[in-house]
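Me: Please show me the structure, then take me through a few of its local features.

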Amino acid sequence: MKIAIGNDHTAVEMKQAIQQYLTELGHEVVNYGTDSSERCDYPVYGEKVALAVASGEADLGVLICGTGVGISLAANKVKGIRACVCSEPYSARLSREHNNTNIIAFGARVVGVELAKMIVSEWLNAVYEGGRHQKRIDMIHAIEAKR
């Protein structure tokens with residue numbers, strides 16, 4: 001699977017660890033984030049990863065900033081993106097099973113590397129259930145289409 005990864009200056013080390021983890025799992029990882037600790041703006045990287053996922057250039061995306069919140073908000077502005085901030089594995093799994101999220105986000109200041117790996121693993125291994133959940137995703141897309 002091809003996974004886009006992006007981060008701001010607060011999450012360089014976390015991104016590198018998750019990038020390595022994903023590669024070890026056999027995924028192709030494309031880095032859209034910064035590799036510098038120099039202050040930068042997370043919306044830039046949220047948008048880059050979201051555009052890669054929305055266009056099909058990448059299958060899924062992983063975003064990391066200080067909390068995961070800001071970068072996911074930016075990503076969710078791109079049509080077709082369903083990004084979710086998760087600080088624990090259970091919500092990550094359910095976000096895929098019920099909401100068919102295509103980007104996961106978390107905070108380098110909120111979770112440690114090992115917990116981040118668990119979050120990513122649960123999310124990647126979850127399978128969208130469809131069925132009753134599709135109606136709600138269709139409703140989200142209808143809201144998006146109005147804008």
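Some questions and answers on a pocket and a loop follow.

Reply: This is a predicted model, in which local features need pLDDT of at least 70, side-chain atom pairs count only at pLDDT 80 or more, and totals for chains, interfaces and linings use all residues. Residues are numbered from 1 along each chain as its sequence is written, and side-chain values use heavy atoms, with hydrogens and water left out.

Me: Which element gives the most to the lining of the largest pocket?

Reply: A pocket is an open set of points on a 1 Å grid over the protein atoms alone, where a 1.4 Å probe fits, with protein on both sides within 12 Å along at least five of seven lines; lining residues have an atom within 4 Å of a point. Helices (H or I, at least four residues) and strands (E, at least two) are DSSP runs, numbered from the N terminus. Strand S4 (83-85) and helix H6 (132-145) each supply at least two lining residues. With 4 residues, the one that gives the most is H6.

Me: Is Asn-100 buried, partly exposed or exposed?

Reply: Asn-100 lies in the loop between helix H4 (89-99) and strand S5 (103-107), and its phi is near 50°, a positive value in a residue other than glycine. Most residues other than glycine have a negative phi. Buried means under 20% relative accessible area, exposed over 50%, and partly exposed in between (1.4 Å probe, protein chains only). Because its relative accessible area is 24%, Asn-100 is partly exposed.
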